Amino acid sequence: MKFHAKQDLFKILSIQSTVVHFIQKKLKKLQDNYLATFLVIIRSMKKRSWFLSILAAILPALLTVIILGDIFQVNIADFLPRIWNDQVGYWHWAKSFSTAGFNAGYNGWDELTAPAAFNPYGENGPFYQMIYGSIGWLVGWKNALPIYINMGFLTFSLLLFIRKAELENEQILHLGTSVLLLFPILLYLPLSSHETLNQSIAILLTTVFYFTQKRDLQSYQKILFALFLFFASLIRLSWAVLFLPFFFITVRGSFTKKLLLSLTISAFLGYTSLAISGYLLPPSGNIILELIKETRTSGAHILLSHIKFQLATLFSPQHRMDLIITLETFSLGLWSFFYFLRKKTPLDERVESTSFLNAYNLLVPLGMGIVFYLVAGFHRIFVPHLLITALLLIKQRKYLPLYLSLFIGVLFYSPFWSAYQKTPINYQPMTAEFLATQNIIKQNIVFDPNSESHWCNTLLLPIDRYNDYVPMLPAGIGASPIIAPQNLSYPPKSKYILLDNETLTRGAYLKYFPMDDLNLDLLDSLPHAEIYYNADSGCSRE
């Protein structure tokens with residue numbers, strides 16, 4: 001029995017060994033087949049794969065859909081901005097423009113209006129709402145439309161650059177990776193702000209500079225590219241810093257001639273862009289214009305104190321995202337500058353090189369940002385410039401400095417993920433209480449397309465209640481937030497005023513807001529506020 005048992009055991013082991021050997025051979029053959037298939041695919045896509053191009057371009061939008069749907073378990077169609085005043089404002093302005101165009105109510109802070117009488121909109125001018133609102137007018141407004149537009153703009157601009165810059169598969173893969181590692185791109189894609197618009201503009205400008213550096217542009221192409229760059233500067237004034245390298249590359253002649261002409265044209269267009277922005281914006285709607293005005297009137301010590309405050313704020317724990325992006329910008333800009341210095345070519349050729357463009361594109365906006373902009377916005381305003389340099393480096397196959405810079409964000413990713421986790425707040429279905437409150441507002445605050453004054457379609461409300469109630473307003477109703485009640489001119493001009501007891505009993509409202517002296521008639525009560533008709537507005541109550 002023992003002998004037969006051993007014999008049977010050997011047979012079993014022999015059979016097992018044969019089976020394992022057979023499986024190993026099959027697996028090896030299968031592995032070889034897959035490897036061969038993969039190599040065939042790679043070889044077939046050696047030049048430029050449309051499949052990889054589309055995949056890399058659509059990847060941010062695709063990943064956003066997956067994260068929102070599978071991880072956060074929310075529906076994009078339920079989008080309604082609930083947090084961040086800028087996002088709520090841009091969304092409402094685009095919605096209003098889709099219905100009322102420039103006939104909407106005023107939206108400036110503290111009832112301040114732009115010198116341009118036709119523009120009732122707030123900060124950064126009317127261009128965002130013109131673009132997004134016009135699309136809404138064409139296809140019909142939906143609450144989530146700005147998110148779909150964001151995805152469309154970003155995907156289109158990436159695909160255009162990939163194809164026009166003739167990226168090969170290796171470069172396309174690095175592009176897809178780099179875009180995902182610039183975390184603010186994913187952070188702002190599912191929000192209704194103008195950040196994705198500016199990121200898309202950055203990618204288009206990279207395409208412009210790619211063609212510009214090829215130096216075979218026709219005159220009409222130079223004019224079109226210059227007009228696009230000028231238009232971009234009206235959407236975000238900081239784009240004006242790219243006038244100088246653009247015109248230095250496109251102008252022909254000696255180094256001195258190129259420098260003088262590019263400086264003159266850039267200064268003229270920059271001043272023109274600044275003047276147009278000042279004309280289109282309310283006096284309290286642009287940080288850069290405010291600081292320049294205050295420095296000119298009060299002296300340089302205002303500017304120096306501001307820079308000191310900026311640097312102290314940047315290194316505070318509340319601004320880790322801004323510090324990370326600033327370090328990425330500085331490190332990549334510094335590397336580009338040193339690479340520019342190491343070149344042995346003539347100076348005019350070096351100034352026209354990609355290394356100079358990258359150094360200028362990063363270090364100049366970085367310096368201007370520290371001087372002029374709010375630290376809380378650094379992680380937003382520097383990313384488009386990082387994106388330009390990243391794409392130019394990928395075109396040159398200089399991956400190491402790019403990834404060394406992006407590694408800073410990967411190493412300290414937690415603040416970005418913490419911010420991203422707030423995204424689902426904007427994707428919650430409307431509750432019964434929300435719908436009931438919105439119904440009360442719609443019954444009492446009605447947009448009048450035939451009104452002779454923008455004030456008759458304007459609601460004045462405290463900034464602390466802006467996010468709560470502006471998403472409920474009808475399209476066309478302007479929302480003027482009270483930032484500082486001492487800055488208001490009394491009596492208020494807005495037809496509608498929304499107030500709550502909690503706001504009225506604290507801070508500057510106790511000292512400056514003359515509630516008892518205002519000629520207000522109660523229209524209705526909301527769960528946490530009251531809506532008033534302002535008889536001093538000069539608008540009819542009906």
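Q: Which residues of H9 meet which residues of H11?
A: Good place to start! To read a helix contact, list the residues that touch on each side. In this predicted model, Phe230, Ser233 and Leu234 are the H9 side of the contact. Their counterparts in H11 are Leu269, Thr272, Ser273, Ile276 and Ser277.

Q: What classes do the residues of the contact of H9 with H11 divide into?
A: Sorting a contact by residue class tells you what it is made of. Here there are 4 nonpolar residues, 4 polar ones and no charged ones.

Q: At roughly how many degrees do the axes of H9 and H11 cross?
A: Picture each helix as a line with a direction, then look at the angle between the two lines. Helix H9 covers residues 219–235 and helix H11 covers residues 255–280. Their axes come within 9 Å and cross at roughly 40 degrees. Angles under 35 degrees would count as roughly parallel, so H9 and H11 are oblique to each other. The crossing of H9 and H11 is also right-handed.

Q: How do I read the pair H6 and H18, at roughly how many degrees do their axes cross?
A: Helix H6 (residues 169–181) and helix H18 (residues 383–396) have axes that come within 9 Å and cross at roughly 160 degrees. An angle over 145 degrees counts as roughly antiparallel, so H6 is roughly antiparallel to H18. This crossing of H6 and H18 is right-handed.

Q: Which residues make the contact of H6 and H18?
A: From H6 come Gln171, His174, Leu175, Ser178 and Val179, while H18 brings Leu387, Leu391, Ile394 and Lys395. Sorted by class, the contact of H6 with H18 has 5 nonpolar, 3 polar and 1 charged residues.

Q: Now for the strands: in what order do they form the sheet?
A: Strands of a sheet pair through backbone hydrogen bonds, either parallel or antiparallel. In this structure, 5 strands form an open sheet in the order E2-E1-E3-E5-E4, with mixed pairing. Strand E2 (478–482) and strand E4 (520–525) are the edge strands, each pairing on one side only. On average, neighbouring strands of this sheet are turned by 25 degrees against each other, direction ignored.

Conventions:
Residues numbered from 1 in each chain as written. Predicted model: local features only at pLDDT ≥ 70, side-chain atom pairs only at ≥ 80, totals over all residues. Heavy atoms only, no water. Pairing = 2+ DSSP bridges. Helix = DSSP H or I, 4+ residues; strand = E, 2+ residues; numbered from the N terminus. Axes fitted to C-alpha atoms, helices over the stretch in contact; angles between N-to-C directions. Parallel < 35°, antiparallel > 145°, perpendicular 65-115°, else oblique. Left-handed = near helix turned anticlockwise from the far one by under 90°. Contact = heavy atoms within 4.5 Å. Nonpolar A, V, L, I, M, F, W, Y, C, P; charged D, E, K, R; others polar.
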